[in-house]
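This report looks at how the parts of a structure touch one another, first within one chain and then between two chains. Please keep the sequence and the structure in view while reading.

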Amino acid sequence: MRSAEVAERFVNWMANFFPRWANWIPLKLLLIVTVLGAVVTGGIWYYFTPKYTNVGYMPDQPAPFSHAIHVEQLGMDCRYCHSYVEVAGHSNVPSTQTCMSCHSQIKAQSPKLAAVRASWETGTPVQWVRIHKAPDYVYFNHAVHVNRGISCYSCHGQINEMPVVYQAQPLSMAWCLECHREPEKFLRPPSEIYNLNWRPASAQEQLAMGTQFKKEWNVNPPVTCGGCHR
Amino acid sequence: MKRVLPHPAREAKPPLWRSLDELASTPEFVDALEREFPQGAAEWHGGEISRRNFLQLMGGSMALAGIGLTGCRRPEAYLVPFTQGVEWTIPGKFLYYATSQPRRNGATPLIATTSDGRPTKLEGNPLHPISNGGTDTFAQASVLDLYDPNRSRTIKADGQKTDAAALAAKLDEIRAAAEAGGGEGLAFLVERVDSPTRDRLLAQLRQKYPNILWAEYEPLGASEHDAAVAASFGAGVEVTPDFSAADKVLAVDDDFLNVSFSGLDQVRGFSARRRISEPGQPMNRLYVAETRYTPTGGMADHRLRIKPSEAGPFLRALAQQIATLTGDGALASVVAAFPEGQLSADPQWIAECAKDLAASPGKSIVVVGKQQPAAVQALGFAINDALGAAGKTLRGARVQRPQSASIAELAAAMEAGRVKNLFILGGNPVYNAPADLRFGDLLAGVPVSVHLGIYEDETAAATKWHVPQAHYLESWSDARSSDGTICAVQPMILPLWGGVNELEILNRLAGNAEPIGPQLVRDTFSEVAGGGNLEAKWTEFLRQGFLTGTAWPEATPAFNAGGAAALATAYRPAPSNGIEVAFTPSSTIDDGRYANNGWLQETPDFATKVTWDNAALVSPATAKSLGLATGDMLEMSANGRKIEAAALIAPGHADDAVSIALGYGRVNISHVTDHVGFDAYPLRTTQCMAFATGTAVKRTGAKHKFAETQTHQSMEGRDLVREATMERYAKEPTFAQTMGMDGHIPPNISLFTHPKLDSPEQWGMTVDLSTCTGCNACVVACQAENNVPIVGKDQVSRGRNMAWIRMDRYFAGDENDPEMLPQSIMCQHCENAPCETVCPVNATVHSEDGLNLMAYNRCIGTRYCANNCPWKVRRFNFFDYNQRPLDKLYFGPLAKKGMAESVQMSKNPNVTVRMRGVMEKCTYCIQRIEEAKITHAVKAGPSDKSKVDFPNVKSACQQACPSESIVFGNINDPKSRVAQLKKEPRNYEMLKYLNVSPRTTYLARIKNPNMAMPGADKVGWANGHPHHGGHGEGSNGHEAHAADPHGAPAGHAKEAPAH
């Protein structure tokens, strides 16, 4: 038998089993897989980013510390506890001693403070769960930001109203660069750095004020890799 | 018309060469060069696991890792604040303390950088009178020793673990016995440290127990020097050369430019006179007579190869000449008493050298190695006296040191059974004591022996008790620097593994109460500080790290010819027959004490470029006569003792002599560093501490493989390193800029658009080749600062060493007697960086302040950048060197993962620890630059102050450099030192014709030959005499270029017809 003949017989034989529309199945399948694949890829691309995976991260802490009570109700300044934010790269988390300087008198027996008291008595530090974390190869410096017109609010959000702290901003590189490229959109009067309720009157006013600050203070945030990656 | 880059061809016999293979252009060498990765670094040489197995394993572990999607959950991290705030400590900010490293040749004043209570980096203390802020490799690397996971951790008695209480009970028992017997049978063996507190405690002990035996031993000590000084200048005197006052220097077997073995002040003094900025300025002249190439020999204007035993006859011949020239009777009397000996050196060399030294009375000095016999050194002092050096170039001081016995006296007492309780406080005498003392055997006969040591080493195994010693960064002490100034030794951290220091043991034996904190040091301090406000003085002492005004009182050395002549008369030199073996200090691990320090083990020796090994160095001529090749195992025997070591042919070595570095071949430390190199101590006896004569040398037939870094790359006939004589520099100031191809460069047109370099700070660096001795301090400082991993011998031999600074070493001229030139090469931060254009992922890019950046998190490891780098300074992480044990790198995921916790503590928190698969290289210490910029900005705050002046930054290598050769800074700031140096005429760019515009430039080396010396015409012409015939140009030599430094006409470029 010639090969053409064999092929023809095979097609006829197949036709006995499959209707004509079945010819489109492979093509349709391919289309579905492509579309599905694109959707999945696009979904991961878009949603598996810090904006969606990290924002809102709100782990349980060893003691339910409320910024809302301490800052918003009692009016404490950020720097009472985060005392080195203006001088160091790290913004320190207060030592147990700082907590106890008030809580040895106020709410000294509160069950919520059990972990803090235990730490004070045993000398073992409280292990606060870290929320805002840049990767190891990123060197963020708090001091230079708060001293040069960037408020806590810009990165940490309305933390003064959070009963439990969560991550408010994605802290991704693209997000960092939004400000590093246009700092004028975020620069504040030096008096309002730690006033987390301060807002510019309007976007135009912010821009005018920010542009002026940027020029006067010689603000040139780095946009090259070396600014943050060392 | 296609322009062909005018690379000069590799010459058959290059004037400058890095290895003997290159000089001979062996086929193996050419083959190795022409491969993409010359060292085969990119290939798989698994050994234990094949590539196929590896992929199977990897697939399996990936599949396992996928189950449970553990990677999707965010790992929980913790913020752990202090319970109680610690004084001065600000989390994330460095704290600096002044301290010092006690050393046998005087304490090295240091500033320790601590991060959250962990010392991570050591710098020199620039406030201290002898220091310019420089350090050496040992001081830099000592911080790694602190965190060494192999350190001893437990007190042991008869091999069994015991505790501090048992030790205290034992000490009290020994004390009670000593009290009863006046100290009879109680002996101490200590290391040489000038510690006022130890001296005070010793005085107490001696008062209470007059019969104790106190012995000091340093395998590389200066007992011969002390004897020579005592005979020549009387007891209680110390003499030090002052090179800053010397116009002419002769060093005989003395490596005074190796800062590790001399001192910061000596290197600083010498380089201050070596550094010239303007053509025609005067500079000093250095004559060196030595056996093997040392950094001092590399700096020499005239170098003579002598066998170690020839130092005496050489000095005698020189002294004779000088005695005649100066008519000095005292010198003549010492010469007459000094025995004659064989000398093969050129008499003209000696005669001209003597003439030159004698021509500068009071401004010349002769220094003799401290290991040389006392009579030889005394002869050196006699010459200095004749040259009028006393009080001028040779400074004297009155010193106070407690009396101590030698190890030989201790051994004699042990042999006689007079030692019942022996304390070995530091040191490792079982390993490094003179072989004829049989110290290990004698120890067995001592009823109670206590060893205090950092490691459970050879001595710990032979003693009854072993006590872990506290590192100097963990305990309170004090020590005098070489000038006598008392320095504080402050602890930076509590003992990691419960170590104690020798002062605490001595204090307990003296029957004093347990000290609290710095009490022991403080008590001494109140004795020496004088009256006044003691508290304020103490605070100042700790703040600045030393007590001002405690230097030894100066005293003009008064030469006693009779004493020197008596030494000379009694001197019986060993007959110089057969081959001589010189025992040299190891430039990398000293006397063996740093054997477990990976940074030092992996630092290439400055001359041989061998890592993780020592070698028996022989000259090319001797190798030929013995039929040796590099790697042949040798057996060296003398007086019935023998050692084995692998030979390495070392250009510039004296003939009929072998040099071998001490300190290798250790056991009992860790599986990575045990049995590295060859132990030379078994050949060393009390009779021949410096060198053994009459040695029989034969090949055993076995072969050894060295891991050298020198042969990895070639200079390909390009003038990377440049030098000239003073005379040429005066006549032709721009010689460095017109040398080789640089006179022929056509104007370049760049095809790329380059990033704007518009920042007010533009960083740059210069390296002064005139003062760089190649001491490697920068290499280790960089390693410490930048968390550079070590890779082990196997990886180094494949060319995968990670050090960001490569200390290149070139030889020039004849292989038997070449000139040596060191050159440190790190990332040059090219403005038109070739690496940047080939990176497919933009992982290496340029910053606006002129840095060639490396973003590790972007790097995907194509290694294109390393291929395109003209300097070969990029380093690739072929393995997870930080995470896997070095001997199990090829086991992949099967090997244990993770860094020892103590090693994690040693890392600089401001520098990313790199992982497998990423490229890295010198960053110009960007972490310091950014820190300085941030500090500058923080200080300015919301004001315009950040516009005025520039942040001040020192790179780690610059800070460490003891000769101030490396200068880093802002080239935009006309006041900065680097900007001024770049304007000097001897400033040149390497490979200028590539138009990569490197930010690191070099200052050509200037030599000051004495034209009357034999061979003077070759000195300073390492690049060869200019010959322009080969470049298709007229025969008019370099004068033409002098008149026309830059404007090379286009016609000079080689042009090839288009294809």
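Two residues are said to be in contact if their C-beta atoms, placed from the backbone, lie within 7 Å. The model described here is a predicted one.

**Within chain B**

Chain B is divided into domain 1 (237-398), domain 2 (575-708) and domain 3 (721-1043). Between domain 2 and domain 3 of chain B, the C-alpha centres are 32 Å apart, and the contact brings together 20 residues of domain 2 of chain B and 23 residues of domain 3 of chain B. On the side of domain 2 of chain B that touches domain 3 of chain B, the elements giving two or more residues are α22 (598-601) and α23 (620-626) of chain B, and α22(B) provides the largest share, 3 residues.

**Between chain B and chain A**

The contact of the two chains involves 39 residues from chain B and 42 residues from chain A. On the side of chain B that touches chain A, at least two residues each come from β3 (78-79) and α31 (926-940) of chain B, with α31(B) giving the largest share, 6 residues. Strand β1 (residues 128-129) of chain A runs antiparallel to β3(B) and is joined to β3(B) by 2 bridges; within this pairing, Tyr78(B) of β3(B) is the bridge partner of Val129(A).

**Residue classes on the two sides**

| Domain 2 of chain B, touching domain 3 of chain B | 11 nonpolar residues | 6 polar residues | 3 charged residues |

Key. Residues numbered from 1 in each chain as written. Chains lettered and ligands numbered in written order. Predicted model: local features only at pLDDT ≥ 70, side-chain atom pairs only at ≥ 80, totals over all residues. Domains from an automatic or database assignment. Helix = DSSP H or I, 4+ residues; strand = E, 2+ residues; numbered from the N terminus. Nonpolar A, V, L, I, M, F, W, Y, C, P; charged D, E, K, R; others polar. Pairing = 2+ DSSP bridges.
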